[in-house]
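Reader: I'm new to this one. Could you walk me through it?

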Amino acid sequence: MNKILPTAIQGTLLMWSLMLGCQNVDAQDADAPNIIFIMTDDHSYQTLSAYQDHLIETPNLDRIAHEGVLFSNSFVSNSICAPSRAVLLTGKHSHLNGQIDNRVRFDSTQNTFVKELQAGGYQTAVIGKWHLKSQPMGFDHYEVLIGQGNYYNSDFIENGERVRSEGYVTDVITDKSLGWIEQRNEEKPFCLLLHHKATHRIWMPDTTLFQEFEGVEFPVPSTFFDDYSGRQAAAEQEMSIANHMDLVWDNKMLDSAGTVQTQLRDPYENRMYSRMDPDQKAAWDKYYDPLIKEFTESDLTGKELALWKYQRYMNDYLKCVRSVDNNVGRVLDYLDEAGLAENTILVYTSDQGFYMGEHGWFDKRFMYEESFRTPLVMRWPAQVEPGGFIEEMVQNIDHAPTLLDLVGLPIPEDMQGESMKPLLLKQPVDWRNELYYHYYEFPGAHAVKKHYGIRTEHHKLIHFYDHIDQWEFYDLQKDSVEMNNLIDDPGYQEIIKDLRIRLTALREKYQVGEG
Ligand code: SGN
Ligand code: CA
């Protein structure tokens, strides 16, 4: 203590340093956990076998669930990329963090959990997809893709410099991440956001995985031929496999004779295919050329064509999942070998869910289950018992407060999410029983109308607004696939009235205002 300061000031300084001490993860503290937050892009829970295994087995992702916990009711607040990333960082809904859609630029000067961790003694990094346009802040190191990035030989911005990295992007992001962990200062805990590009459109597989799913016929969802009756917004989207999936861009039918002429043939040829090096192209052609030949010789139309596109879509998408699973396996092995597994909080999630042909769709955006939900598994062997299933409804606004809470840092008052720590540590907690959702990007790609809504354990109420004014209501117990809009059903009017009141109250609670 400084001897020349008056005692009162010395007392105040002591109090401050004690308070600050509480808020600082001691750099020497061997107990401070590390954090690796793996987030993929558009990875559906339908294709993570700890959730569902009718399409693919994902042993490495499942291992996180088996050695940790699986959240069986994990949701997002606005089912689209940049907004989900801003929610993750800030712990606030889109209308407060400003990132309401993919178009606006993230205000990186606002507070984030990563900044709090950094101030609390953590070394921090983000590697992979960023998509927030502004320069990352709060990170000691960043290597981020430009916009969506590319599957092959992608460019990254590495601490301000543009660098091309040869190879397949899921491997490259993993290599960079393990490299960063390896060179870290071992005296301090770290937080790494490992954000994959996969499994985003246009689902370009790794050439080394072409043998996967040979001859497999994927099951077609029961709602594949949905006619959208009673659901105007669902009818007016532009994300149907039959009508909006491009035979070249999405299904890779780039025939040399040029007979498959589609809207996105040119960008596929000149922005995606052309990016590969000669060896990658040779492997690519060896696999796709026979498929192209078979397709151009066939005469598929109507339902048959839609089903063929679905099979091709699943085949490519699942190979991208396979690469993610393999690379998550590399991270798990590395943590074991480095002795880091025990005290590292490992999170695996996606920025939102995705349609695997349900309602005839690909893409996301809607508050319907497939895109409102997102996979979430977590492991922290030092503190969290293995093999747990957490059934409470959690949402991506909860990550920021949870991670701060788990490492012992205070949660800023203005974060809107709840800490999941009591759920993870099996402590008593009075948990939420309703979720708020709001999607804003219209007009825009895939033409999903703006909407907001409330979901409880068994019911969902949605209001599509602007350019449209339609309410939808679902009884999720009786209609889990949301085909039956019961908004006018006399038997449900009491429940609907109650939900409208609760929705208004939720909007007030989250300070939505008029927006
Ligand atoms: C691109 C995709 C869309 C997708 C958006 C948003 N088209 O525009 O299909 O909905 O990204 O995705 S693409 O064929 O050019 O990839 S998000 O995950 O980034 O929100
Ligand atoms: Ca996404």
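**A first walk through the model**

Author: Let's start with helix 13 (residues 399-407), which is mostly covered, since 8 of its 9 residues are buried. Helices here are DSSP runs (H or I, at least four residues), strands are E runs of at least two, and both are numbered from the N terminus. Buried means under 20% relative accessible area, exposed means over 50%, and partly exposed lies in between (1.4 Å probe, protein chains only). This is a predicted model, where local features need pLDDT of at least 70 and side-chain atom pairs count only at pLDDT 80 or more, while totals for chains, interfaces and linings use all residues. Residues are numbered from 1 along each chain as its sequence is written, chains are lettered from A and ligands numbered from 1 in the order in which they are written, and side-chain values use heavy atoms, with hydrogens and water left out.

Reader: Which residues in helix 13 are buried?

Author: They are His-399, Ala-400, Pro-401, Thr-402, Leu-403, Leu-404, Leu-406 and Val-407.

Reader: Now the metal. Which residues coordinate the calcium ion (ligand 2)?

Author: Look for donors first: N, O and S atoms within 2.8 Å of the metal (3.2 Å for Na, K and Ca); water is not among the atoms, so sites may look incomplete. Here Asp-41 (OD), Asp-42 (OD), Asp-351 (OD), Asp-351 (OD) and Gln-352 (OE1) coordinate the calcium ion (ligand 2), at 2.1 to 2.7 Å. Along the chain, the donors have the spacing D-D-x308-D-Q. That links distant parts of the chain: Asp-41 sits in the loop between strand 1 (34-40) and helix 2 (59-67), and Asp-351 in the loop between strand 9 (344-350) and helix 12 (369-372), 310 residues apart. Both Asp-41 and Asp-351 are buried.

Reader: What about the geometry of that calcium site?

Author: Ideal angles at a metal are 109.5 degrees for four tetrahedral donors, and 90 or 180 degrees for six octahedral ones. To be called tetrahedral, four donors need all angles between 85 and 135 degrees; four count as square planar and six as octahedral if opposite donors are over 155 degrees apart and all others between 65 and 115; anything else is irregular. The site of the calcium ion (ligand 2) is irregular, with angles of 52 to 172° among its 6 donor atoms.

Reader: And which residues are closest to ligand 1?

Author: A residue is near a molecule if one of its heavy atoms lies within 4 Å of it. There are 17 residues around ligand 1, and the closest are Trp-249, Asp-363, Lys-364, Arg-365 and His-446. Oxygen atoms of ligand 1 also lie 2.9 Å from a side-chain N or O atom of Arg-201 and 2.7 Å from one of Asp-363.

Reader: How many disulfides are there?

Author: A disulfide is a covalent bond between the sulfur atoms of two cysteines. The test is a pair of cysteine sulfur atoms within 2.5 Å, and the count comes to 0. Cys-81 is in no disulfide, and its nearest cysteine sulfur, that of Cys-320, is 16 Å away. Cys-81 lies in helix 3 (residues 81-90) and counts as buried because its relative accessibility is 2%.

Key
A polar contact is a pair of N or O atoms within 3.5 Å; within protein, one must be able to donate a hydrogen and the other to accept it, and residues adjacent in sequence count only if both atoms are side-chain atoms.
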